[in-house]
Amino acid sequence: MKWTDHSENTLLQRSFLFGITGIVLGMLSLLNTQFQVVQAPMGPLNGVALALQLIGLSLAVLILRRRKLTSEIKEKAKKMVLILGVGLLFFILTL
């Protein structure tokens, strides 16, 4: 089953899950870099965090590109794009 075959609510939920997981992993990486809790390289964790945020962002944009959306779904998708875009920009600038 393709991603475009799913309903808007399912895609919005998955976008949120991918995005929040990416943000949490990025915060863990930043905290470990500052406090040196674990002596491990944080490069792979940063990469996974950025990839998950990009996937979440792309799913939110996929929802916005659909036709005949309700205004509620459209507003939620716009908020998701804004939040994930700012989060992605923040984590890119902290590298």
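I take buried to mean under 20% relative accessible area, and contact to mean heavy atoms within 4.5 Å. The model I am reading is predicted.

**Entry 1: helix α2**

I started with α2, which runs over residues 43–64 and has 22 residues. I compared its length with what a helix should give: at 1.5 Å a residue it should span 32 Å, and the end C-alpha atoms are 32 Å apart, so the two agree.

I then listed the buried residues of α2: N46, A49, L50, L52, Q53, G56, L57, L59, A60 and I63. The spacing recalls a general point: an α-helix has 3.6 residues a turn, so residues three or four places apart point the same way. What covers these buried residues of α2? I found that the cover includes α1 (8–35) and α3 (71–93).

**Entry 2: α1 against α2**

I looked up how α1 and α2 pack. The angle is about 155° and the axes are 8 Å apart. Angles over 145 degrees count as roughly antiparallel, and α1 and α2 are therefore roughly antiparallel to each other. I noted the crossing of α1 past α2 as left-handed. Sorted by class, the residues of this contact between α1 and α2 come to 14 nonpolar, 9 polar and 2 charged.

**Entry 3: helix α3**

I repeated the length check on α3. The helix has 23 residues and reaches 33 Å from its first C-alpha to its last, close to the 33 Å expected at 1.5 Å a residue. Its buried residues are I73, A77, M80, L84, G87, L88 and F91. I looked up what they pack against, and found α1 and α2.

**Entry 4: α1 against α3**

Parallel or antiparallel? I asked this of α1 and α3. They pack at an angle of about 20°, with axes 11 Å apart. Angles under 35 degrees count as roughly parallel, and α1 and α3 are therefore roughly parallel to each other. I recorded a left-handed crossing where α1 passes α3.

I wrote down the residues that meet. From α1 they are E8, N9, L12, S15, F16, G19, I23, G26, M27 and L30; from α3 they are I73, K76, A77, M80, L84, F90 and F91. This contact of α1 with α3 holds 11 nonpolar, 4 polar and 2 charged residues.

**Entry 5: L30**

I picked out L30, which lies in α1. Its relative accessibility is 23%, so L30 counts as partly exposed. Leaving aside neighbours within four places in sequence, I find L30 in contact with F90, F91 and T94. I also checked L30 against N46: the two are 16 residues apart in sequence, and 8.8 Å apart in space from C-alpha to C-alpha. N46 is among the buried residues of α2.

**Entry 6: positive phi in the loops**

I went through the loops for backbone angles. Most residues other than glycine have a negative phi.

Q36 has a positive phi of about 50° and is not a glycine. I placed Q36 in the loop between α1 and α2. With 42% relative accessibility, Q36 counts as partly exposed.

K68, also not a glycine, has a positive phi of about 60°. I placed K68 in the loop between α2 and α3. Is K68 buried or exposed? Its relative accessibility is 85%, so I put K68 down as exposed.

Definitions and conventions:
Residues are numbered from 1 along each chain as its sequence is written. This is a predicted model: local features need pLDDT of at least 70, side-chain atom pairs count only at pLDDT 80 or more; totals for chains, interfaces and linings use all residues. Side-chain values use heavy atoms; hydrogens and water are left out. Helices (H or I, at least four residues) and strands (E, at least two) are DSSP runs, numbered from the N terminus. The expected span of a helix is 1.5 Å times one less than its number of residues. Buried means under 20% relative accessible area, exposed over 50%, partly exposed in between (1.4 Å probe, protein chains only). Axes are lines fitted to C-alpha atoms, for helices over the stretch in contact, and angles run from 0 to 180 degrees between N-to-C directions. Angles under 35 degrees count as roughly parallel, over 145 as roughly antiparallel, 65 to 115 as roughly perpendicular and the rest as oblique. A crossing is left-handed if the near helix is turned anticlockwise from the far one by less than a right angle, and right-handed if clockwise. Ala, Val, Leu, Ile, Met, Phe, Trp, Tyr, Cys and Pro count as nonpolar, Asp, Glu, Lys and Arg as charged, and the others, Gly among them, as polar.
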